[in-house]
Amino acid sequence: MEIGLIGLGKMGGNMRERIRRAGHTVVGYDRNPDLADVDSLEALVEALPSPRVVWVMVPAGGPTHDTITALGELLGEGDLVVDGGNSRWTDDQAHAEQLGAKGIGFVDCGVSGGVWGLENGYALMYGGSADDVAKVQPVFDALKPEGEFGSVHAGKVGAGHFSKMVHNGIEYAIMQSYAEGWELLEKVDMVDNVTEVFRSWREGTVIRSWLLDLLVAALDEDENLSSIRGYADDSGEGRWTVEAGIENAVATPAITAALYARFVSRQDDSPAMKAIAAMRNQFGGHAVHTAAPAGGDAPESGESSGEAHPAQR
């Protein structure tokens with residue numbers, strides 16, 4: 001089949017290549033002319049036979065909305081738009097209604113696979129009507145991994161991105177568990193080779209996974225991860241998963257804790273931990289650590305004057 005693809009970055013560019021390898025024709029557009037096959041959205045639409053199928057692979061939010069709005073002016077009845085970015089499922093519903101008013105179909109598709117997807121395939125979760133999904137099924141089949149699994153028609157419009165949202169929330173919690181385990185093994189003077197312990201878990205254990213494989217690969221490159229700053233962004237889908245849990249009275253303590261841990265990672269000196277240290281000092285005389293003075297180490301509370309804290313008198 002022939003399909004238009006908008007957004008040819010790391011994911012989009014590799015997806016274009018995988019679809020072409022499966023024997024399909026892809027007309028790609030990107031704001032970077034060095035990546036694009038055509039120089040405008042208008043040219044992309046004109047190059048496709050009717051009914052047209054256009055896959056949008058741009059950042060979620062404003063860029064996706066603007067692109068879909070523009071396509072709504074260029075496409076016609078019977079055409080189809082696929083949103084393969086990381087859009088929120090509520091945006092999918094709005095876009096389906098927006099395009100549906102003009103007779104244009106809409107399918108949302110959560111895509112997982114990262115930079116490995118070109119060779120290994122992409123896990124796909126898509127939502128929309130059976131008729132609309134059928135129009136793009138050959139491309140889904142081209143993108144998915146080989147074998148029985150890796151692709152699912154999750155339900156109505158929004159179901160694909162909702163499923164991908166929950167997938168990413170689970171990913172947060174799994175990654176946090178591996179990270180905490182690694183830190184504990186490194187901290188305690190007990191295990192001689194932490195990387196080899198993690199490597200041994202890759203076979204036969206109940207916690208083996210691709211994420212574990214990737215962590216071992218990272219440790220092979222930098223055993224103590226000394227070249228990496230302890231700062232982790234969040235894509236937004238972890239937040240949306242927690243919000244969905246709240247809205248539906250579904251407890252998500254592991255996912256929530258993993259999300260909050262990422263927030264803490266962005267603080268060089270946590271204000272909340274300062275407040276906790278101050279309160280512990282007030283009720284129990286626990287030592288607090290102050291900033292080091294010029295030319296010397298920081299004293300713990302009470303040391304500089306030689307006096308005991310009031311709670312210790």
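The C-alpha centres of domain 1 and domain 2 lie 31 Å apart in this predicted model, where local features need pLDDT of at least 70, side-chain atom pairs count only at pLDDT 80 or more, and totals for chains, interfaces and linings use all residues. Residues are numbered from 1 along each chain as its sequence is written, and side-chain values use heavy atoms, with hydrogens and water left out. Domain 1 covers 2-157 and domain 2 covers 170-266, bounds that come from an automatic or database domain assignment.

Five residues from domain 1 and six residues from domain 2 make the contact (heavy atoms within 4.5 Å). Between them the two domains bury about 530 Å², 55% of it on carbon and sulfur atoms; this is the accessible area (1.4 Å probe) lost on putting the two parts together, summed over both. On the domain 1 side, Asn86, Arg88 and Trp116 lose the most area to domain 2, together 79% of what that side buries. Arg88 also forms a salt bridge with Glu243, the closest N and O atoms being 2.8 Å apart (the term asks for a side-chain nitrogen of Lys or Arg within 4 Å of a carboxyl oxygen of Asp or Glu). The count between the domains is one salt bridge.

Attention now turns to helix α3. Thr64, Thr67, Ile68, Leu71 and Gly72 of α3 are buried (under 20% relative accessible area, 1.4 Å probe, protein chains only). Seen down the axis of α3, these buried residues fall within an arc of 145°, so they line one face of the helix; the arc is that of the directions from the helix axis to the C-beta atoms. They pack against β1 (2-6), α2 (41-47), β3 (53-56), β4 (80-83), α4 (89-100) and β5 (105-112), helices (H or I, at least four residues) and strands (E, at least two) being DSSP runs numbered from the N terminus. The face turned away from the buried side carries Asp66 and Glu73, both exposed (over 50%).
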